Amino acid sequence: MQAAPVRATAIPSFATALRAVESLLLSSGQRTARRNAWTSVLEDRRRAKDRVEAQRVLDQVTVVRS
């Protein structure tokens with residue numbers, strides 16, 4: 001029995017494949033704008049999560065003091 005051949009190159013991740021397609025379809029300015037927009041979306045989500053957590057803590061403090 002022979003051992004299976006070893007693959008010398010890594011299989012690219014899905015994200016890497018998307019970036020490759022993106023680089024073929026979009027100019028660098030469009031890529032930068034899209035990435036900046038996505039970064040803004042992620043930051044907005046993080047801030048919204050922080051607001052919900054802060055409100056939850058404030059509500060608990062209010063209940064404990066009452």
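Glu-43, Asp-44, Arg-46, Arg-47 and Asp-50 are linked in a network of salt bridges. A salt bridge here is a side-chain nitrogen of Lys or Arg within 4 Å of a carboxyl oxygen of Asp or Glu. The structure holds five such bridges. The model is predicted, so local features need pLDDT of at least 70 and side-chain atom pairs count only at pLDDT 80 or more, while totals for chains, interfaces and linings use all residues. Residues are numbered from 1 along each chain as its sequence is written, and side-chain values use heavy atoms, with hydrogens and water left out.

Helices (H or I, at least four residues) and strands (E, at least two) are DSSP runs, numbered from the N terminus. Glu-43 also forms a salt bridge with Arg-47, where the closest N and O atoms are 3.5 Å apart. Glu-43 and Arg-47 are separated by about one helical turn, because they are four residues apart in helix 2. Arg-47 in turn meets Asp-44 in a salt bridge of 2.5 Å, N to O. Arg-47 and Asp-44 are three residues apart in helix 2, again about one turn.

Accessibility was classed by relative accessible area: buried is under 20%, exposed is over 50%, and partly exposed is in between (1.4 Å probe, protein chains only). Glu-43 has 30% relative accessibility and therefore counts as partly exposed. Arg-46 is partly exposed at 41%. Asp-44 is partly exposed, also at 41%. Arg-47 is partly exposed at 37%.

The protein has two helices and zero strands. Two packed helices are described by the angle between their axes and the distance between the axes. The axes of helix 1 and helix 2 (residues 28–65) come within 9 Å and cross at roughly 135°. Helix 1 is therefore oblique to helix 2. Axes are lines fitted to C-alpha atoms, for helices over the stretch in contact, and angles run from 0 to 180 degrees between N-to-C directions. Angles under 35 degrees count as roughly parallel, over 145 as roughly antiparallel, 65 to 115 as roughly perpendicular, and the rest as oblique.

Helix 1 contributes Arg-19, Glu-22 and Ser-23 to the contact, and helix 2 contributes Arg-31, Arg-34 and Arg-35. Contact means heavy atoms within 4.5 Å. Arg-31 lies in helix 2. Its relative accessibility is 18%, so Arg-31 counts as buried. Not counting residues up to four places away in sequence, Arg-31 touches Glu-22, Ser-23 and Leu-26.

Buried residues make up 3% of the 66 residues in the protein. The accessible surface comes to about 6300 Å², and 62% of it belongs to carbon and sulfur atoms. Accessible areas come from the Shrake-Rupley method with a 1.4 Å probe; for residues, only the protein chains shown count as cover.

Val-21, Leu-24 and Leu-25 make a nonpolar surface patch of about 360 Å². Patches are made of residues with over 30% relative accessible area and no salt bridge; like charges are joined within 9 Å, and nonpolar side chains (Val, Leu, Ile, Met, Phe, Trp, Tyr) within 5 Å. Leu-24 lies in helix 1 (residues 14–25). Leu-24 is exposed, with a relative accessible area of 74%.
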